[in-house]
Amino acid sequence: MTGIVRRSFDSADETRPFADGKGRLDLLSTDKGAVGRAVFEPGWKWSEHVKPLAGTDSCQAAHTGYVVSGRLHVVMDDGEETEFGEGDFMQVAPGHDAWVLGDEPCVALDWVGFGDYAKSS
């Protein structure tokens with residue numbers, strides 16, 4: 001391992017597109033695990049654009065990340081809900097749905113939950 005690592009999401013190790021052209025996940029593989037940048041386009045909703053890939057009733061990934069831009073609404077399976085926006089740190093447990101609010105893409109970085117996210121089951 002080197003002392004400094006510099007990588008660009010624009011040259012990701014893997015890019016996973018969401019259904020209907022509603023965004024993508026750019027993934028970097030590191031020796032500490034996967035780090036992802038998701039671009040959720042306006043109209044994106046997990047239950048419509050990732051659920052067919054995941055094959056689960058709700059998102060089963062845990063997320064720890066940061067919202068770079070845009071807004072995201074998250075609803076847990078138990079009904080708890082909140083919104084995240086630009087500059088927000090977020091932690092979301094498995095068992096949720098989410099969708100973009102407004103007409104601006106939501107860009108989020110995630111250090112925990114994107115390794116298997118939007119990957120065909």
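The paragraphs below go through aromatic contacts and then charged ones.

This is a predicted model. The whole structure holds three aromatic pairs. In one of them, Phe18 and Phe40 are stacked, with 5.6 Å between centres and 5 degrees between planes. This pair links distant parts of the chain, 22 residues apart. Phe18 lies in the loop between strand S1 (14-17) and strand S2 (23-30), and Phe40 in strand S3 (residues 33-40). Both Phe18 and Phe40 are buried.

Phe40 also pairs with Trp44. Their centres are 4.1 Å apart and their planes meet at 40 degrees, so this pair is tilted. Trp44 has 2% relative accessibility, so Trp44 counts as buried. Phe18, Phe40 and Trp44 form one aromatic cluster.

Another ring meets a charge. The charged end of Lys45 sits over the ring of Trp99, 4.8 Å from the ring centre.

Now the salt bridges. The structure has six. Arg37 bridges to Asp10, with the closest N and O atoms 3.1 Å apart. Arg37 is in strand S3 and Asp10 in the segment before S1, 27 residues apart. Arg37 is buried at 15% relative accessible area, whereas Asp10 is exposed at 64%.

Asp26 and Arg24 form a salt bridge at 3.0 Å, N to O. Asp26 is buried at 3%; Arg24 is partly exposed at 29%.

Glu83 bridges to Arg71, the closest N and O atoms being 3.1 Å apart. Glu83 is in strand S6 (residues 81-85) and Arg71 in strand S5 (residues 71-76). Glu83, at 37% relative accessibility, is partly exposed, and Arg71 is partly exposed at 36%. Elsewhere, shared partners join Asp10, Arg24, Asp26 and Arg37 into one salt-bridge network.

Technical notes:
Residues are numbered from 1 along each chain as its sequence is written. This is a predicted model: local features need pLDDT of at least 70, side-chain atom pairs count only at pLDDT 80 or more; totals for chains, interfaces and linings use all residues. Side-chain values use heavy atoms; hydrogens and water are left out. Rings of Phe, Tyr and Trp (its six-membered ring) pair if their centres lie within 6.5 Å; planes under 30 degrees apart count as stacked, over 60 as edge-to-face and the rest as tilted. Helices (H or I, at least four residues) and strands (E, at least two) are DSSP runs, numbered from the N terminus. Buried means under 20% relative accessible area, exposed over 50%, partly exposed in between (1.4 Å probe, protein chains only). A charge sits over a ring if NZ of Lys or CZ of Arg is within 6 Å of the ring centre and within 35 degrees of the ring normal. A salt bridge is a side-chain nitrogen of Lys or Arg within 4 Å of a carboxyl oxygen of Asp or Glu.
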